[in-house]
Amino acid sequence: MLSVSVFSASSDLTLHLGFRNNWTFGRPRASLSQESINLEPREKEDETSRKVTARSATKDKSLVSSSLTTSKQQNSTPLVTALKASAKQNAATFHFPGHNRGRAAPNSITELIGSKPFLHDLPELPELDNLFSPEGPILDAQQQAAKLFGSLETWFLVGGTTCGIQAAIMATCSPGDILVLPRNSHISAVSALILSGAVPKYIIPDYNSDWNIAVGVTPSQVETVIKEVEKEGQKAAAVFITSPTYHGICSNLSEITQLCHSHGIPVIVDEAHGAHLGFHPHMPSSAIQQGADIAVQSTHKVLCSLTQSSMLHLSGTLVDREKISRCLQTLQSSSPSYLLLASLDAARAQISEDPETIFDKALQLAIEARNMLRKTTGISVLDVTSFPKFPAIDPLRLTIGFRQLGLSGFEADEILYKDHDIICELVETQSITFVITLGTCREHVQKLVSGIQHLAAASPLSCAAKMKVDGDNLAPFADIKTSLIPRDAFFSGKKRVSIENSLGEVCGELICPYPPGIPVLIPGEIITKNALDYLLHVRSKGAVITGASDSLLSSIVICNK
């Protein structure tokens with residue numbers, strides 16, 4: 001049986017869960033000091049015994065009222081209920097879509113998912129409300145979401161977090177305005193720069209060469225850039241922060257928002273990977289809790305809505321909510337999927353049922369997996385000690401390093417997939433990231449731990465093996481130089497040149513290893529040897545390069561001079 005004792009000291013537990021000792025998080029719960037953790041399969045999950053009952057700091061940051069009345073109100077699903085009622089109508093229907101409530105649905109897809117999704121795939125019928133001018137069930141569902149997540153107002157998104165980030169930047173930045181953002185921001189922020197015409201003022205993120213990971217930004221970095229902009233006689237229109245990152249690394253948003261607000265600057269947070277934060281006492285605070293003006297969340301990631309569905313949360317008075325609405329109407333489909341919208345309503349209701357304990361099982365499984373993997377020879381587990389400037393890491397993210405075994409993340413992923421049927425979330429040169437969610441089961445966590453243990457046992461350690469991946473430490477953002485703003489470069493004349501002749505030219509396309517979707521070259525940037533070396537290196541390791549018109553990277557599109 002795989003078993004391990006849990007830490008008895010609260011300081012050990014905070015590190016174990018991904019927090020620094022001075023990070024406050026949630027309501028106090030009973031100690032885990034007497035509990036034994038194991039990954040032995042069980043015939044039936046004892047939910048009572050599986051509660052995460054670790055000691056925590058005393059600051060209460062729960063988003064949800066403890067009132068039973070409020071809880072019952074939050075459990076209703078207005079949009080799901082309206083969609084169900086509409087689909088039950090025995091009416092002669094002469095509206096879109098063409099499958100007519102599943103009557104003409106293609107057999108190949110109904111054999112896969114059945115006919116019920118088509119029955120509920122309805123257009124903007126009066127009883128279903130209008131996404132861009134909500135007055136009925138959509139408005140009710142969005143208001144309940146705002147109450148749960150602690151925002152002033154919440155919008156449902158059917159274009160993913162991408163369209164929410166684009167809308168947030170367009171609502172705060174006019175052409176020529178300055179947007180402060182990390183250079184490792186998601187591709188959606190770059191597309192927003194093109195759409196808005198904003199001028200980027202990049203913060204070069206901290207980079208950990210041991211893990212080959214670019215992380216978040218610190219309050220001091222934000223302050224430095226704000227002062228630089230002020231010295232130039234200008235003011236930043238907004239500050240854009242990614243927190244948590246794909247690896248779960250959280251920035252100190254409380255200090256960053258206080259700093260920005262003292263200058264009258266709104267803060268936009270790409271919280272795509274953090275829709276679950278702020279609920280459980282042992283998770284970091286959410287962006288809205290820490291004072292962000294806008295937070296955009298991928299509800300479909302750790303929470304349980306359908307893929308492509310997200311939410312945008314607004315707080316404070318620095319951002320005009322009418323601009324947000326106009327931008328979203330510009331960016332989103334005029335024929336939104338009610339299945340996606342209803343899934344957001346359902347996901348919100350699911351969390352509302354018991355927000356402070358719903359993640360107990362997921363956290364417990366993450367703790368168990370992390371404990372076992374830390375004891376596996378040759379395996380490294382990413383934790384907060386690797387990033388001294390950042391207060392916390394999402395405890396539901398497991399980033400595992402294989403460098404000591406002489407394996408790249410891509411090589412380890414191939415072994416885990418082919419030999420153990422394990423599918424991860426993110427593969428990189430040095431590591432693999434796994435996500436524990438509400439849907440993760442004990443059997444799969446046991447399979448993950450066992451697979452990694454077998455991989456480690458079959459990969460003998462040696463100095464030569466360790467040196468095999470030492471060449472992976474290439475920081476892609478070390479020497480960024482910009483010639484044109486992204487919008488001007490996007491619309492400029494272009495030509496194609498060989499990669500050998502591209503050095504020193506102005507990049508005309510967005511070149512991005514995916515995942516994680518962080519562009520290495522952005523339209524308007526000078527093409528450097530460092531960037532080319534990094535792209536060719538990660539491609540040789542197995543990364544997929546998106547955005548480049550030549551996926552083999554034998555040529556690159558550049559801007560005409």
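Predicted model: local features only at pLDDT ≥ 70, side-chain atom pairs only at ≥ 80, totals over all residues.
Q: How many of the residues of β4 are buried?
A: Buried means under 20% relative accessible area. β4 is largely enclosed by the rest of the structure, because the residues that count as buried number five of the five.

Q: Which residue in β5 stands opposite L181?
A: Strand β4 (residues 178–182) and β5 run parallel and are joined by five bridges. Along this pairing, I178 stands opposite V199 in β5. L181 stands opposite Y202.

Q: Which strands stand at the edges of the sheet?
A: The sheet is open and has seven strands with mixed pairing, in the order β3-β12-β11-β10-β8-β4-β5. Each edge strand has a single partner strand, so one side of each is left without a neighbour in the sheet. The edge strands are β3 (153–157) and β5 (199–203).

Q: What does the twist average from one strand to the next?
A: The order β3-β12-β11-β10-β8-β4-β5 describes an open sheet of seven strands. From one strand to the next, its twist averages 20°.

Q: What angle does the direction of helix α8 make with that of β4?
A: Helix α8 (residues 187–196) packs on the sheet. The strands it touches are β4, β5 and β8 (236–242). Its direction and that of β4 make an angle of about 165°.

Q: Which strands does helix α11 touch?
A: Helix α11 (residues 321–331) also packs on the sheet. Its direction makes about 5° with that of β3. The strands touched by α11 are β3, β11 (294–297) and β12 (310–314).

Q: How far apart are the axes of helix α6 and helix α12?
A: Two packed helices are described by the angle between their axes and the distance between the axes. For helix α6 (residues 137–149) and helix α12 (residues 338–353), the angle is about 35°, and the crossing is left-handed. The axes are 10 Å apart.

Q: How do the residues of the contact of α6 with α12 divide into nonpolar, polar and charged?
A: From α6 the contact takes I138, A141, Q144, A145 and L148. From α12 it takes Y338, L341, D345, R348, I351 and S352. The division is seven nonpolar, two polar and two charged.

Q: Why is the pair of F149 and F279 edge-to-face?
A: A search of the whole structure finds two aromatic pairs. In the pair of F149 and F279, the ring centres are 5.5 Å apart. Planes over 60 degrees apart count as edge-to-face. The planes of F149 and F279 are at 75°, so the pair is edge-to-face.

Q: How many residues apart are F149 and F279?
A: Both F149 and F279 are buried. F149 is in helix α6 and F279 in the loop between β10 (267–270) and β11, so the pair links distant parts of the chain. F149 and F279 are 130 residues apart.

Q: Does F491 count as buried or exposed?
A: F490 and F491 form an edge-to-face pair, 5.0 Å centre to centre with 80° between the planes. At 43% relative accessibility, F490 counts as partly exposed. Exposed means over 50%. F491 has 57% relative accessibility, so F491 counts as exposed.

Technical notes
Residues numbered from 1 in each chain as written. Heavy atoms only, no water. Axes fitted to C-alpha atoms, helices over the stretch in contact; angles between N-to-C directions. Helix = DSSP H or I, 4+ residues; strand = E, 2+ residues; numbered from the N terminus. Left-handed = near helix turned anticlockwise from the far one by under 90°. Contact = heavy atoms within 4.5 Å. Nonpolar A, V, L, I, M, F, W, Y, C, P; charged D, E, K, R; others polar. Pairing = 2+ DSSP bridges. Phe/Tyr/Trp six-rings, centres within 6.5 Å; stacked < 30°, edge-to-face > 60°. Buried < 20%, exposed > 50% of the residue type's maximum accessible area, 1.4 Å probe, protein only.
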